[in-house]
Amino acid sequence: MTGWLPTPVPQGAAWGVALLLCALALAGLWARPGPQVRRARLLLACGGGVGFGAGPDGGPSLSARVGEWAEGLCRWGRERRELACLPIGCGVALLGESVLPLIAGALAVPLVRRWLVLRRRERERERRESAVIEMCGTVAGELRAGRQPGEAVAGLTGVELGPGWPAVPAAARFGGDVPGALRKAGLQPGAEGLHGVAACWRVAVDGGAGLAAGLERVAAALSAERDQRDELRAQLAGTRSTAAMLALLPVLALLMGSALGAAPLRVLLHTSAGLGCLVLGGLLECAGIAWTRRIVRAAEGPGRGRTG
């Protein structure tokens with residue numbers, strides 16, 4: 001795995017290229033098309049400076065196309081964050097003059113992709129939980145104000161509880177099976193509280209019990225569960241931070257060795273003993289991370305901590 005570069009790369013140039021690739025990877029990793037980017041796009045589209053007006057065919061101006069390209073690049077970087085492993089691996093490969101880091105970066109792409117997908121699902125689940133609590137409070141307030149249950153649910157706007165939720169206000173508006181629609185919408189991860197809402201609706205319709213009081217109890221129970229989970233997560237923050245610090249210690253050791261002129265990358269990537277230490281260290285690192293995740297999952301309980 002040595003000699004893959006045709007000529008030796010100067011150390012300063014290799015460090016510069018590696019830092020540039022890592023910076024580009026991190027920029028793409030945390031790219032956010034926030035209000036500043038959208039504002040810049042509007043200014044570019046409407047500025048119409050010299051040479052940046054509409055084309056002869058009346059299409060968008062060059063400045064508008066640049067704004068769209070910048071926003072599309074940010075969106076692509078946000079959706080393909082796992083590809084940041086490739087420039088990082090390429091930078092390390094340039095520093096160590098070996099193709100092994102580039103191969104490792106390519107192999108890390110699907111793993112990072114899976115981790116990012118799990119994190120996204122966890123955020124969506126938490127967002128649905130918060131939406132269910134807010135929906136219960138809103139409907140209960142409408143009922144306390146004297147509105148009918150069907151009118152209160154049909155008037156809900158801006159609620160995001162998955163693809164099954166639009167059937168709930170439609171059923172309330174046209175006299176359909178609201179509890180059944182609630183139970184179907186509650187099949188989405190994080191929207192399980194809708195099963196309690198469906199039970200309250202059924203009891204209120206069949207037995208004449210107060211729906212507002214039932215919804216308030218459901219909201220209180222969901223809020224208590226969320227607060228308990230947040231408290232547990234805060235208690236486990238120290239364990240997660242310690243695990244992350246221990247996982248980054250080998251990287252810090254490599255940086256310190258390179259700063260002292262020991263060339264640790266050359267030893268690890270171009271000698272048999274170094275390759276053996278690299279493989280053994282990688283296996284121990286993976287085992288330590290897996291063991292820490294298992295401890296955190298056991299503390300959080302079944303069904304929790306999927307993104308740890």
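Buried here means under 20% relative accessible area and exposed means over 50%, with partly exposed in between, using a 1.4 Å probe and protein chains only. The model is a predicted one, so local features need pLDDT of at least 70 and side-chain atom pairs count only at pLDDT 80 or more, while totals for chains, interfaces and linings use all residues. Residues are numbered from 1 along each chain as its sequence is written, and side-chain values use heavy atoms, with hydrogens and water left out.

Salt bridges come up first. Side chains of opposite charge can pair when their charged atoms come close. The working rule asks for a side-chain nitrogen of Lys or Arg within 4 Å of a carboxyl oxygen of Asp or Glu, and by that rule the count comes to 10 salt bridges.

Glu126 takes part in two of the pairings described here. With Arg233, the closest N and O atoms are 2.8 Å apart. Glu126 sits in helix 5 (residues 100-144) and Arg233 in helix 10 (residues 211-235), so this pair ties together parts that are 107 residues apart in sequence. Helices in this numbering are DSSP runs of H or I, at least four residues long, counted from the N terminus. Arg125 also pairs with Glu126, and there the closest N and O atoms are 4.0 Å apart. As for accessibility, Arg125 is buried at 10%, whereas Glu126 comes out partly exposed at 22% and Arg233 partly exposed at 31%.

Another salt bridge joins the side chains of Asp177 and Arg202, at 3.6 Å from N to O. It links distant parts of the chain, 25 residues apart: Asp177 belongs to the loop between helix 7 (167-174) and helix 8 (178-185), and Arg202 to helix 9 (residues 193-207). Both partners count as partly exposed, Asp177 with a relative accessible area of 45% and Arg202 with 35%.

Most residues other than glycine have a negative phi. Ala263, however, has a positive phi, near 55 degrees. This alanine, Ala263, lies in the loop between helix 11 (237-259) and helix 12 (264-270). Its relative accessibility is 38%, so Ala263 counts as partly exposed.

Conventions: Helix = DSSP H or I, 4+ residues; strand = E, 2+ residues; numbered from the N terminus.
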